[in-house]
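Below are some notes for a colleague who is meeting this structure for the first time. Please read them with the model open, point by point.

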Amino acid sequence: MSCRQYSLKIWNTFGINAYANNITIADSIDTILSCRWKQSVKKNEPTLLLGEGSNVLFLHDFHGHVFINRIKGISVTEVADAWLLHIGAGESWHQLVRKTLIHGLAGLENLALIPGRVGSAPIQNIGAYGVDFATVCEYVDIMFLTDYSQKRLYVHECCFGYRKSVFKNTYKNGYVITAVGLRLKKNWQPVLSYSQLRHLDPKTVTPREVYQTVCAMRRSKIPDPKHIGNAGSFFKNPSVTMSFANDFLTQHPTIPYFLKNNGEIMLSAGGLIDHCALKGYRVGGAAVYDKQALVLINTGGASGQDIINLARFVRRRVAEEFNVWLEPEVCFISSQGEIDPVEVIV
Ligand SMILES: Cc1cc2nc3c(=O)[nH]c(=O)nc-3n(C[C@H](O)[C@H](O)[C@H](O)COP(=O)(O)OP(=O)(O)OC[C@H]3O[C@@H](n4cnc5c(N)ncnc54)[C@H](O)[C@@H]3O)c2cc1C
């Protein structure tokens, strides 16, 4: 069955020209619950909720109904030691970072310029430059799509980790994130652990200076999806045990790595790909970005399959060279919905 009706090109930052049966922009929970969603469920038609499509790869046309989450609203409450924010899931993440800083609320500056909507931030626990969503999260509100009841999950229930959360497993299907709650402490401490922030003086630096430094760094090495289609880091940084890392880093001392709290080592996926001299490598319309090897780009007219073929090639080269298998960070969307990305690129 062909479903070439509504183009998803502007609804995914890779700029893949896949099509959906229907697209609805939902600016309230009521719109999500409207007859359209219920009709789709009744017809057994696949449904997909998107924020900005900045962490998805469409492999084919989507044979279902796409809902674009634009539930808005930001409210702020002051308590003795913090500012408590309640934010609608359809607010832009970067605009939230900007607005909080303009109003003198610090704590999100390291997470500037991450594309996407607030409601997607908990799903993979967005992170950058030493800070992740979990650090500021108070709660996540979800709605069950079976009986439309709602539930609040507090941060300790969200099982946040590196690019993971309860929304990647227990609450993966049949739920919508409708709002999140953040706690921004008044006693702000800059997080400058990331190597490119270490030149800043922790005693005098302001949240705005951290924000500007982060924005400048990101602009210099990550392509702007408005001009070059991409979904940020395509692969996750692989975790390895300390004993593997000891041998590995003796053989490959130039590969960057990070020490995790649980004693494991995380290797830089970008460093591994770069070491294989793959920057600029092309397959069809897809390429490894020449300024940052972890980013796969659409050079214009790439299909989802071009990106997959490139990702498979990169993954195999890295495994041949280092015996480390990379896993995609990006969600793969097939004609019926999300599928396991590792199964696709084996
Ligand atoms: C240039 C660029 C740079 C990036 N840099 C970073 C970075 O530094 N750190 C980082 O962590 N990520 C980064 N990313 C990835 C991406 O920005 C984040 O994962 C972001 O949170 C995705 O938001 P989104 O609204 O676009 O989600 P989408 O891509 O629209 O959706 C992602 C997944 O979440 C589901 N989903 C979306 N909204 C909801 C909801 N309300 N309820 C339930 N499920 C939902 C979707 O169905 C899909 O499976 C980057 C991406 C790009 C393009």
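**Notes on charge pairs and overall form**

1. The structure, which is a predicted model, holds 12 salt bridges.

2. Lys186 counts as partly exposed because its relative accessibility is 34%.

3. A second pair to look at is Asp141 with Arg152, a salt bridge in which the closest N and O atoms are 2.7 Å apart. Asp141 lies in strand β10 (residues 137-144) and Arg152 in strand β11 (residues 150-154), and the two residues are 11 apart. Is Asp141 buried or exposed? Asp141 has a relative accessible area of 10% and is therefore buried, the cut-off being under 20%. Arg152, with a relative accessible area of 34%, is partly exposed.

4. A further salt bridge joins Arg317 to Glu321, with 3.3 Å between the closest N and O atoms. Both residues lie in helix α8 (residues 304-322), where they are four residues apart, or about one turn of the helix. Glu321 counts as partly exposed, its relative accessibility being 36%. Elsewhere, salt bridges that share partners connect Asp81, Glu138 and Arg183 in one network.

5. Turning to charge over the protein, there are 36 positive and 29 negative side chains, and the centres of these two sets lie 4 Å apart.

6. As for the overall form, the protein contains nine helices and 21 strands, and its C-alpha atoms fill a box of roughly 60 × 55 × 35 Å along the principal axes. What radius of gyration does the protein have? The protein has 20 Å, which agrees with the value near 20 Å that a compact globule of 346 residues would have.

7. Among contacts between residues at least 6 apart in sequence, 61% join residues at least 24 apart. The protein exposes about 16200 Å², of which carbon and sulfur atoms supply 50%.

How values were computed:
Residues are numbered from 1 along each chain as its sequence is written. This is a predicted model: local features need pLDDT of at least 70, side-chain atom pairs count only at pLDDT 80 or more; totals for chains, interfaces and linings use all residues. Side-chain values use heavy atoms; hydrogens and water are left out. The radius of gyration is taken over C-alpha atoms; the globule rule is 2.2 Å times the number of residues to the power 0.38. Contact means heavy atoms within 4.5 Å. Accessible areas come from the Shrake-Rupley method with a 1.4 Å probe; for residues, only the protein chains shown count as cover. Lys and Arg count as positive and Asp and Glu as negative; His and the chain ends are not counted. The place of a charge is taken as NZ of Lys, CZ of Arg, CG of Asp or CD of Glu. A salt bridge is a side-chain nitrogen of Lys or Arg within 4 Å of a carboxyl oxygen of Asp or Glu. Buried means under 20% relative accessible area, exposed over 50%, partly exposed in between (1.4 Å probe, protein chains only).
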